[in-house]
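Hello,

Here is the structure I promised to pass on to you. Please have a look at it first; my notes follow below.

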Amino acid sequence: MRQAMNAGTRLTLDLWHPNCWAIEATERAGGGVLAHAIYDTPKTAPESVNGLFTAFGDTNREVEELLEEIRASDHAGEVLELQERFGRARDAPGNVVREFFLEYDPDDMVCPTLLRHGFVHSAPVRIEDGREEWQLCFTGERSDIEAALDDVREDAGAEVSVVSITAADGAADRTEREQRLDTLTPTQREVFEAARAAGYYEWPRGCSTRELADQVDRSKTTLLEHLRKAEAKLLDP
């Protein structure tokens with residue numbers, strides 16, 4: 001009971017651990033993976049687990065190359081793609097998304113180690129550029145977090161760094177603008193901030209769409225798609 005009363009610290013962790021197919025694939029290809037849920041089935045447990053994931057990227061080619069890297073990983077089983085769910089919705093993690101099930105070895109998972117040391121994930125895990133981003137709640141005293149992270153590092157052979165740490169009600173201290181910016185994907189935020197810095201929204205404009213696209217190293221079409229999705233989220237009442 002005392003532990004539950006003291007719980008309430010939220011963390012964002014940057015994490016790497018060995019034998020992870022998603023980390024390996026995103027090191028070799030663009031785009032990223034969202035990990036939604038892991039579950040056992042009577043046919044495969046305890047030798048393997050299944051997971052629901054989303055591969056995302058800027059283009060169809062980027063996502064297809066990422067899926068090929070996943071299929072080629074020694075740590076991944078068969079990729080079973082699902083019917084498109086996100087479509088072109090504003091909450092999609094990228095311009096192109098492909099959902100899939102995947103079977104793999106539970107010994108390669110870091111989630112049980114995090115749970116064992118008091119870290120409960122509160123959002124889908126995001127994997128890009130060979131790193132995982134975990135949104136977590138810590139169930140113990142805030143003063144115990146560093147020792148618990150050291151245990152995770154040792155038990156999982158993981159590299160872990162704290163990106164942010166706040167009290168559970170810390171979101172209440174954030175401005176409405178900051179909370180809206182948090183709804184953007186990393187690419188949407190990058191493009192939007194670059195546009196603001198370049199004077200794209202000033203009158204007259206400080207740069208053209210083509211100049212901005214060259215600056216962020218994306219095609220004009222892709223740039224406009226990211227900007228429009230970002231603007232829709234920021235303007236949504």
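How many aromatic pairs does a search of the whole structure find? The search finds eight, where rings of Phe, Tyr and Trp (its six-membered ring) pair if their centres lie within 6.5 Å, with planes under 30 degrees apart counted as stacked, over 60 as edge-to-face and the rest as tilted.

One of the eight pairs is formed by tryptophan 21 and phenylalanine 100: their ring centres are 6.2 Å apart and the planes meet at 65°, so this pair is edge-to-face. The two residues are 79 apart in the chain and link distant parts of it, with tryptophan 21 in helix H2 (residues 21-28) and phenylalanine 100 in strand S5 (residues 96-104). Helices (H or I, at least four residues) and strands (E, at least two) are DSSP runs, numbered from the N terminus. Tryptophan 21 and phenylalanine 100 are both buried; buried means under 20% relative accessible area, exposed over 50%, and partly exposed in between (1.4 Å probe, protein chains only).

A second example is the pair of phenylalanine 192 and tyrosine 201, whose centres lie 5.8 Å apart with planes at 50°, so it is tilted. Here phenylalanine 192 is buried at 11% relative accessible area, while tyrosine 201 is partly exposed at 39%.

Before I go further, the ground rules: this is a predicted model, in which local features need pLDDT of at least 70 and side-chain atom pairs count only at pLDDT 80 or more, while totals for chains, interfaces and linings use all residues. Residues are numbered from 1 along each chain as its sequence is written, and side-chain values use heavy atoms, with hydrogens and water left out.

Trp21 and Phe100 also belong to one aromatic cluster with Phe53 and Tyr104.

Strand S5 has pairing partners too (two strands pair if DSSP finds at least two bridges between them). Strand S3 (residues 49-57) pairs with S5 in the antiparallel sense over nine bridges, and phenylalanine 56 stands opposite valine 97 in S5. Strand S4 (residues 79-81) also runs antiparallel to S5, joined to it by three bridges, with leucine 80 opposite phenylalanine 101.

As for the whole protein chain, there are nine helices and nine strands, and 43% of the 237 residues count as buried. Among contacts (heavy atoms within 4.5 Å) between residues at least 6 apart in sequence, 65% join residues at least 24 apart.
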